[in-house]
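This report describes how parts of a predicted model pack together. The sequence and the structure come next.

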Amino acid sequence: MSIRRTTVKAALAGGEGPGAIRVMGWVRTRRDAKGFSFLEINDGSCLTNLQVVVDEGVEGHDLLPELGTGASVAVSGELVPSPGKGQRFEVRAGKLELLGPADPESYPLQKKRHSDEFLRSIAHLRPRTNKYGAMLRMRAALGQAVHAYFAANGFAWVHTPIITGSDCEGAGEMFRVTGLTDAEAALPPKERAEKDFFGKDAYLTVSGQLTAEPLALALGKVYTFGPTFRAEHSDTSRHAAEFWMVEPEMAFADLEDNMDLAEALLKSLVRTAMEDCAEDFGLFAKYVDPTLPETLAAFVAEPFVRLPYKEAVNILVAAKKEFAYPVGPGLDLQSEHERYLTEEHFRRPVIVYDYPRAIKAFYMRQNDDGETVGAMDVLVPGIGEVVGGSAREERLELLEARIRELRLPLEAYWWYLETRRFGTAPHAGFGLGFERVLMLVTGIGNIRDVMPFARTWRHLEF
């Protein structure tokens, strides 16, 4: 009778104890001694390798010269207690099978540390390294934790369009989607749009917010979690052209409810990273940022600072520090300003709220002072902004006036405005950059390194 495959993770845990076993994975190292060899194999199920002892004469022993780093192998044998330190069990091989060879002269991943820049050039192979395997397992766990958190708190998961006809932010930094030929695309704009698939210009969405709002105004509490796109010509360590956003929307909620939700969600995700991903988290704490455990323990233990924009500006103006970008009333905060507040002044996360209306989007609720809107940004050490959101403007007259003021096409938002015409209600929501959360919990400093295959300015490999 054939033996089913056991994962390396299950084998190391011992399962039902010693006995017949079949494991498959990729060879990390091979060490040969007189009369026997050691293989270290990993199948991606966990960080730790499984040691295989291959005695001379076992079936497939003659394959050992081909079992170098990177080769895939199947091992049938016995799971036995390991006499070595660091693992409870090892496998004593009874049969070896070579599933896929890897030429040791050309295989780019050897037993040494490779630079992040080099690994980006082989993104199709870097998940086999300890660092990127750990990151991807943590990415999967945090993605599941997002769904678990919202399910436990009564939110409905909704799916909003990826192709859109509206610009949520009003910034115009969007990728156009077209089914036109090159000749048709060269036509005048109106004629070109009429000939296109939808009969109008279409784009990849920058946010699911506008379409999530009507769903919240029917279901109460919803969230969307999916890819979003920005055609921004930015090549910083925090920006990508394609990234994932978590976007909750809540009916009958205000700015304070919004801040409470953002803080609670972030703390929940950080706990997941530290507790449920302890082995992988340990790699980042040891090799990437030794301060991670202390920093993140404080992150979940202490309340976030909540700071009006005006007070944030006053702190920055008074700071004995030269900034590359100017600071002052009415100016937006840049990454260096956000990091000063979180890393040097307060030394913990900060929620800045009540921004000037002139620098914020049309849908944000106008405050009674006529100068600010109920907007909020959650800023964290090492990164800056991780969450951006607001109370939404539910008053029809004010929303229409704001759209006109910004010279946006009122007719494009007819359906959005009708949600204010028929049973409007206070509501609020935000967008959380999923990759930035991963940067937070791993200490990885570049957004390109928390994605399997990054899409950034002038880079579309793989």
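## Nonpolar cores

The largest nonpolar core has 68 residues, and those touching the most other members are Phe150, Leu266, Phe299, Met376, Val378, Val387 and Leu432. Helix H3, residues 130-152, supplies the largest share of this core, with ten residues. A second core is separate and has 30 residues, among them Ala319, Phe323, Tyr340 and Tyr413.

Met376 can be looked at individually. Neighbours within four places in sequence aside, Met376 is in contact with Leu255, Asn258, Met259, Ala262, Ile351, Val352, Tyr353, Val387, Gly388, Gly389, Ser390 and Phe430.

## Helix H9

Helix H9 spans residues 292-301, and its buried residues are Leu292, Leu296, Phe299 and Val300. Viewed down the axis of H9, the buried residues fall within an arc of 85°, so they line one face of the helix. An α-helix has 3.6 residues a turn, so residues three or four places apart point the same way. Glu294 and Ala301, on the other side of H9, are exposed.

The packing partners of the buried H9 residues are helix H7 (255-276), helix H8 (278-287), strand S14 (372-380) and helix H14 (434-442).

## Thr272 in helix H7

Thr272 is part of helix H7. Is this residue buried or exposed? Thr272 counts as buried because its relative accessibility is 12%, and the cut-off for buried is under 20%.

Apart from neighbours within four places in sequence, Thr272 is in contact with Ala141, Leu142, Ala145 and Cys277. Between Thr272 and Met138 there are 134 residues of separation in sequence, while their C-alpha atoms are 8.9 Å apart in space.

Note on methods: Residues numbered from 1 in each chain as written. Predicted model: local features only at pLDDT ≥ 70, side-chain atom pairs only at ≥ 80, totals over all residues. Heavy atoms only, no water. Core = buried A, V, L, I, M, F, W, Y, C linked by side-chain atoms within 4.5 Å. Buried < 20%, exposed > 50% of the residue type's maximum accessible area, 1.4 Å probe, protein only. Helix = DSSP H or I, 4+ residues; strand = E, 2+ residues; numbered from the N terminus. Contact = heavy atoms within 4.5 Å. Arc of directions from axis to C-beta.
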